[in-house]
Amino acid sequence: MRDVAIIGVKNTKFGEQWDRSFRDLVVEAGVGAVDDAGVVGGKIDSMFVGNMSGGQFVEQEHIGALIADYSGLAKDIHVPSTRVEAACASGGLALRQGIYAVASGMDDIVIAAGAEKMTDVPSAKASSALAAAADREWEGIMGATFPGLYAMIAKMHMHKYGTTSEQLASVAVKNHHNGQHNPIAQYKSPITVESVLKSIMVADPLHIFDCSPITDGASAVVLAPADIAHEFTDTPIYVKATAQASDTIALHDRRDITTLDASVVAGRRAYEMAKMGPKDIQLVEVHDCFTIAEICAIEDLGFAKKGEGGIVTQNGETAIGGRIPVNTSGGLKSCGHPVGATGVKQAIEIVEQLRGEAGKRQVDGAEIGMTHNVGGSGATAVVHIFSRNR
Amino acid sequence: MSVPRFWRKQLARYNLIGTHCKKCDDYFYPPRNMCPACRREGEIEDFKFSGKGEVMTYTVIHTAAEGFENQTPYVLGIIKLEEGPSLTSQIICDPKDVSIGMKVSPVFRKLGQDGEQGMIYYGTKFVPDKC
Ligand SMILES: [Zn+2]
């Protein structure tokens, strides 16, 4: 296996973008990343596009070819382009497939992208499309929604460990605080614990401010073999680990509803591959589709003891400047969550941090960072570790 | 849910019929045709659950899924059946009265309808034992 580096990155703005189409967004991200890397089209060997539900959100399938076409990579040069789907982990998984392609030696220059256009349909339709990432025949039919499934995780976490609504809210407050310094974020206004607790209840105990929003956006990175990365950039960021794990599709079949075993196992595999442990990680982007998800994630990845995710968040240990900064980008909560794009956007935040280009969000001296991307209520987890040093 | 997709699992939904692996002595609801533990080694048979169980966790849904808008607020829970497996279902009671550990029993209820004139879907929901 060859070492792999990220040599170019680009996010579109995240948010409600009624004036722009799905393909506009992906092409902006893709071309931006290629520009950032200083690569020309003819050099690109393959591309992978993470997308969860193009069929439901924009009534478009065959997204790999569509994006190759509109990026000018289909005609004449016929670059192979593959869509990757794993619900909200589609982006992280597209990145992982891109890493495979380069690491294997089959391809040199590879684009890994992710995109979703979610606001072209009414929000009830969007929620229904998202619910398809759970078990439609045995959860959906009973009236389960995505917030409802995570609410049941939260309820049990509160029952077992004494986690409070204030602790859940403190996740949202921190992420909005971080997101105000991120130019791509959908929501840049700070919020308070009180405003979270006063916002309408979606699925008890989750208020609407405990939930990530419906968002349009695209993200792309360019990958290259580490051996030639310096031909393109002075600051390549190296992939130290890529790991993935599966779990039962339905929440009711889990060993422990408050633990996402897919996250635990993907995390463990990533630590083994990088020969590192949680103490080596200086910042992490975790999948905070709901506030409870971030609490479970930091426990599952070893940044907090089981049951203490709420307390450490409330104590400020996961803030920028704290023991382990979590979601410096603002997370899914403040940046927005264009489901297919999120996993790639998380990697871009880590790249910007490790390059020292994160501005007011910068974690001092950051050299090693992690990303954690979850599909469904935890049936897929994808974890990556990145480093400034090879 | 489409009619064929519902119809295939109708017996399981109406009568809480799941499966049992004779080799591991594990019970599955929803039914599985392959045992996730011993896989092809297993011997799977149908099994009718008593339906007795308790609430493992729950939520009160205020923003409904498509098609459930006129039911809010409704209680959704994960029920642990006494034979072992857990399932997701609605619990019919006042949202104030539900709690973790509460004992429940199954009832036959309408789950939903395929539009105004379409097929009505029936299945199992749960009620508190003390009712
Ligand atoms: Zn078995």
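Reader: What area is buried between chain A and chain B, and what makes it buried?

Author: About 2,700 Å² is buried between the two chains, and carbon and sulfur atoms give 65% of that. Buried area is the accessible area (1.4 Å probe) lost by two parts on being put together, summed over both, so the value covers both sides. The model is predicted: local features need pLDDT of at least 70, side-chain atom pairs need pLDDT 80 or more, and totals for chains, interfaces and linings use all residues. Residues are numbered from 1 along each chain as its sequence is written, chains are lettered from A and ligands numbered from 1 in the order written, and side-chain values use heavy atoms, without hydrogens or water.

Reader: How many residues are in contact, and what counts as contact?

Author: 27 residues of chain A are in contact with 36 residues of chain B. Contact means heavy atoms within 4.5 Å.

Reader: Why is the pair A:Asp253 and B:Arg32 called a salt bridge?

Author: Their closest N and O atoms are 3.1 Å apart. The rule asks for a side-chain nitrogen of Lys or Arg within 4 Å of a carboxyl oxygen of Asp or Glu, so the pair qualifies.

Reader: Which elements of chain A supply at least two residues of the side that touches chain B?

Author: Helix 5 (123-131), helix 6 (146-161) and strand 5 (201-203) do. Helix 6 gives the largest share, six residues. Helices (H or I, at least four residues) and strands (E, at least two) are DSSP runs, numbered from the N terminus.

Reader: What makes the largest cavity a cavity?

Author: On a 1 Å grid over the protein atoms alone, a 1.4 Å probe fits at its points but cannot get out, so the space is called a cavity. About 110 Å³ lies in the largest cavity. Volume is the space filled by probe spheres set on the points, which are joined across faces, edges and corners. Of its 14 lining residues (an atom within 4 Å of a point), the closest to the centre are A:Trp138, A:Met142, B:Tyr29, B:Thr88 and B:Thr124.

Reader: Why is the second largest pocket not called a cavity?

Author: A pocket is an open set with protein on both sides within 12 Å along at least five of seven lines. The second largest pocket has a volume of about 340 Å³. Among its 20 lining residues, those closest to the centre include A:Asp253 and B:Pro85. Strand 2 (residues 26-28) of chain B gives the largest share of the lining, three residues.
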